[in-house]
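The stops below are given in the order in which to select them.

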Amino acid sequence: MKIANWKKRRPSLMFRVFLITFIIIFTAFLLLSFYSGNNLYENSFDDAKNYSFQLLEQININISNYLSAMENIAAVASTQSDVLNFLYMSEPSFPNFSAYYELVNSIRMYLMNLSAAQKNVKYVTIISDRHDYYVSSSSSPFDSTYVFREQGWYKDAIKTPRSATLLPPHVPEYITGNAATPVISYLKPITLAAGAPPVGMVLIDLDVGSLADICNDVSLGDDGYAYIINSKGEYLYYPGMDFQQPAAVSTPDSAYNEQILSGDTTFTANNLLGEKNVVFSAPVENTDWYVVGVVPYSQLNSPAVTLRATQIIVGVIVASVVSVLLSLFISSNVFRRLFRLKKHMMQIESGNLDETLSVGADDEIGDLVAGFNSMTGQLKQLISDISDTENQKRKAEFAALQAQINPHFLYNTLDSIVWMAEANPAGASDMAYMLASFFRLSLSRGDDIVPLAQELMHTETYLHIQKIRYDSYFDYEIKYTQDVADFYVPKLIVQPLVENAIYHGIKPSGKKCVLSVYAFRYEDHVLIEVVDDGLGIPEEKLEQILRGEHISEGSLNGVGVNNVDERIKLYFSKNSGLYFHSNEGRGTVACIYIYDRKKNEDA
């Protein structure tokens, strides 16, 4: 049934314009987002590879600098005078051993200082090519039977006097006992002049940890790492490598060696375990070494994929927002006059009847606007007429309430004046004056709102009349602070409370009581209290009084206690009102709380 109803009612024209516009704009932005996301992915992936290659180049530079430091040590050691004397001397014999040992000790101290100046240098050794003697900075025991000149690596190195030779990690055979630990050896022939044959060799043994420190000083990410191989594919350093048996080292990355040695600097391939990595390589200057960096493909790819996904998501969001805004802009321009009419209708609904809408073009919408303006004017006039009628009705009721004085009060007061005229003419005159004052203050020149001081004066006049009639029943006092004297209140709000206290609390008590009236400020309220120590009012009787159901002798007809509460809330706010507190046998307190709106607005 719902489907059938939906088919009968076509979407509105505004909705169709909005939807078509939205689809066109959203599709264009979406395609642009996918295109820019793919470009961003490629650029980000290339940037990540370039950055990783730059890190590898930094490792390469650090290795070159380290080897340059070794070259400097070799150069300094080969030009020292004692070293030259050692290389030129013939094989020492008795009695020249004393001078020989003195020379050797001097050279050893010099070499110890050189090795101490550079980190990870274990031994610096000067080898003579004229005899089988050598001098080392190490205090470790050397094999006295070891002849350097007979070793194959020595013979190969001495043949290239202009360049250094680097030996991969090995355990030196010339060191005996537990002191023999894996080293990387740097060899540089010593020549005295260009083209002259070498006279010896500088052998610098480096701790294998030196290359590990250099490779680990630069991070290739969480899972990336660097290693070093030579032109033979031998590992000079590899993470976790067993340097005690370097020749036996085989790693999953051996699959890359062929491409590395062929000159590929950046490529993506799987290792022997099938793990896809991006491999970077760079040759170390003046050596046959290659620094290799291995970074998991996912490590470089994941940020680019995340960036692309973020770009697409942001693009979709932006496309949605822009499409909605542009569609709304276009559709609102098409239906601008209808939107203005709708907005005007909402203003009328909220109670704003003062403005009219321009008719605009002479078409169907213009006729609709004109008819709506006419209806609004009639509604405004109708509301105004109802408001005037209600105001007049309320004023008439108020005037009637305040003008009606209970005939019992008037009769009893006049009767007392007649009685006193015979017994006490002066008292009768005073009472008649007070009665006249009472009626004059009740009228208040037609004002509904009077200063509190005037309202209390009217109450005092009423109390004076009642005091003459019931002198033996009560005494009274009226006190108020000057800061409330000019505070305007509805008239006849205190006198009904005083009257209520006399007839419901004081007279039935059978004793002489005290009736007090106080007016003062308390925080943001003006308080008026009527306090008596009479009989008190039972709770059920108090409820009748508050509802206006109990009219006693002498009370003002209609201007009762409940009317006081209603008028206070009418003139002020719901924060104002009349409250009673009564204890049987102890008295009653009637309190008027009036919220001082003006004081709070000024604050």
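This is a predicted model: local features need pLDDT of at least 70, side-chain atom pairs count only at pLDDT 80 or more; totals for chains, interfaces and linings use all residues.

Residues are numbered from 1 along each chain as its sequence is written, and side-chain values use heavy atoms, with hydrogens and water left out.

Start with the open sheet of five strands, ordered E12-E14-E15-E17-E16, with mixed pairing. Strands (E, at least two residues) and helices (H or I, at least four) are DSSP runs numbered from the N terminus; two strands pair if DSSP finds at least two bridges between them. Select 474-480 and 577-583 to see the edge strands, E12 and E16, each of which pairs on one side only. From one strand to the next the twist averages 10°, with angles running from 0 to 180 degrees between N-to-C directions of axes fitted to C-alpha atoms, for helices over the stretch in contact.

Next, select residues 587-595, strand E17, which runs antiparallel to E16 and is joined to it by seven bridges. Leu 578 has Ile 592 of E17 as its bridge partner.

Contact means heavy atoms within 4.5 Å.

Finally, move to helix H13 (residues 452-469) and select Glu 455. Glu 455 is buried, at 2% relative accessible area (buried is under 20%, exposed over 50%, partly exposed in between; 1.4 Å probe, protein chains only). A polar atom of the Glu 455 side chain lies 2.9 Å from the backbone nitrogen of Ile 493, and the side chain also reaches the backbone nitrogen of Val 494 at 3.0 Å. Not counting residues up to four places away in sequence, Glu 455 touches residues including Val 450, Val 489 and Pro 490.

Definitions and conventions
A polar contact is a pair of N or O atoms within 3.5 Å; within protein, one must be able to donate a hydrogen and the other to accept it, and residues adjacent in sequence count only if both atoms are side-chain atoms.
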